[in-house]
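These are my notes on the structure, written for someone who has not looked at it before. Please read them with the model open.

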Amino acid sequence: MNTQKLIFIVDDDPFINMLVVKRFTSEGYHLEAFSYGEECISALNKNPDLIILDYYFVNNDHKVMNGMEVFDKIKELKPETPVIMLSGQEKGEIVLEFARKGIDDYIIKDSNLIDNLKVAIDELFERQK
């Protein structure tokens, strides 16, 4: 049986997606990257073990869901799936709103992003054991 965990990274910044995929593939995880929440939601039937979700999405061609809307949809369809939020925003009220909704962790996009994400992922999978 394959115990390799499937992690979705959902970020409209291709650099962040590439960084996360490279770093955590080397840790032995299986990663799939998505640019928008809608793509992630369409792939939920793959039953990811974790979703790393950006808060703020920009698409100049059409309206896309923001992280909060995507999170709500994930929780509606797959309530057991843990979600770690990524954000460049340090707005307290956003963090509080996610905490209230049951986000598993919240990581600020800064120079420690990958290290902080590693700690969060390790802790999350450790708690699941």
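**Notes on the predicted model**

1. Aromatic pairs. The model is predicted. Counting rings of Phe, Tyr and Trp whose centres lie within 6.5 Å, there are five aromatic pairs. One of them involves Tyr 36 and Phe 57, with ring centres 6.2 Å apart and planes at 50°, so this pair is tilted. Tyr 36 sits in the loop between E2 and helix H2 (37–42), while Phe 57 sits in the loop between E3 and H3; the pair therefore ties together parts that are 21 residues apart in sequence.

2. The sheet. Five strands form an open sheet in the order E2-E1-E3-E4-E5, and their pairing is parallel. Strand E2 (30–34) and strand E5 (105–108) are the edge strands, each of which pairs on one side only. From one strand to the next, the twist averages 20°.

3. E1 with E2. How many bridges join strand E1 (residues 6–10) and E2? The two strands pair in the parallel sense over five bridges. Phe 8 has Glu 32 in E2 as its bridge partner.

4. Helices on the sheet. Helix H1 (residues 14–25) packs on the sheet and touches E1, E2, strand E3 (50–54) and strand E4 (83–87). The direction of H1 makes about 175° with that of E2. Helix H3 (residues 67–77) also packs on the sheet, where it touches E3 and E4. The direction of H3 makes about 160° with that of E3.

5. H1 against H5. H1 packs with helix H5 (residues 113–128) at an angle of about 50°, and the axes are 11 Å apart. H1 and H5 are therefore oblique to each other. The crossing in which H1 passes H5 is right-handed. On the H1 side the contact is made by Ile 16, Leu 19, Val 20, Arg 23 and Phe 24. On the H5 side it is made by Leu 113, Ile 114, Asp 115, Leu 117, Lys 118 and Ile 121. Sorted by class, the contact of H1 with H5 holds eight nonpolar, three charged and no polar residues.

6. H3 against H4. At what angle do the axes of H3 and helix H4 (residues 92–101) cross? They cross at roughly 5° and come within 12 Å. Angles under 35 degrees count as roughly parallel, so H3 is roughly parallel to H4. In H3, the residues that meet H4 are Gly 67, Met 68, Phe 71 and Asp 72. Their counterparts in H4 are Ile 94, Glu 97, Phe 98 and Lys 101. By class, the contact of H3 with H4 has four nonpolar, one polar and three charged residues.

Technical notes
Residues numbered from 1 in each chain as written. Predicted model: local features only at pLDDT ≥ 70, side-chain atom pairs only at ≥ 80, totals over all residues. Heavy atoms only, no water. Pairing = 2+ DSSP bridges. Helix = DSSP H or I, 4+ residues; strand = E, 2+ residues; numbered from the N terminus. Axes fitted to C-alpha atoms, helices over the stretch in contact; angles between N-to-C directions. Contact = heavy atoms within 4.5 Å. Parallel < 35°, antiparallel > 145°, perpendicular 65-115°, else oblique. Left-handed = near helix turned anticlockwise from the far one by under 90°. Nonpolar A, V, L, I, M, F, W, Y, C, P; charged D, E, K, R; others polar. Phe/Tyr/Trp six-rings, centres within 6.5 Å; stacked < 30°, edge-to-face > 60°.
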